[in-house]
Amino acid sequence: MTYSDLLKDPRWQKKRLEIFMRDGWKCRECGRNDLELQVHHEKYFGDPWEIPNKFLKTVCFKCHACISTGIDFTSFKLITRQKFGVEICKQKSMERQK
Ligand SMILES: [Zn+2]
């Protein structure tokens, strides 16, 4: 079973709805609600639906890409949000890959 199969599991589908509802159906990083929303896992262990809600948060796909690149997002968050959008985050990650 692959990870994407796991994410199709009804137990995970239910869990992510819970997280979206808790977070008011908007990104907790940039606050947008007009982009595709995803659930970010701050910790991974066991099956995705077994992770306590406090380690899960609603993010848009852009912020999720940003977080998933392993950038210390907290330090960039204010700058990215206020001035540059998430583009700077992508640039940083590209620089890092060089
Ligand atoms: Zn966002």
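## Confidence in the model

Among the elements of the protein chain, helix 2 has the highest mean pLDDT (95), whereas helix 4 (residues 73-84) has the lowest (46); pLDDT is the predictor's confidence in each residue, from 0 to 100, and helices (H or I, at least four residues) and strands (E, at least two) are DSSP runs, numbered from the N terminus. Over residues 75-86 the pLDDT is below 50, and this stretch has 12 contacts in the model beyond near neighbours in sequence, two residues being in contact if their C-beta atoms, placed from the backbone, lie within 7 Å. Where pLDDT is low, the predicted coordinates should not be read in detail.

This is a predicted model, in which local features need pLDDT of at least 70 and side-chain atom pairs count only at pLDDT 80 or more, while totals for chains, interfaces and linings use all residues. Residues are numbered from 1 along each chain as its sequence is written. The mean pLDDT of the protein chain is 77, with 68% of its residues at 70 or more.

## Overall make-up

The protein chain has five helices and two strands, which run α-α-β-β-α-α-α from the N terminus on. Of its 98 residues, 18% are buried, a residue being buried if 20 or more other C-beta atoms lie within 10 Å of its own, exposed if 12 or fewer, and partly exposed in between, with C-beta atoms placed from the backbone.

## Helix 2 and the loop after it

Helix 2 is followed by G24, whose phi is positive, near 70°. W25, in the loop between helix 2 and strand 1 (37-41), has a positive phi near 55° although W25 is not a glycine. W25 counts as exposed because it has 11 C-beta neighbours inside 10 Å.
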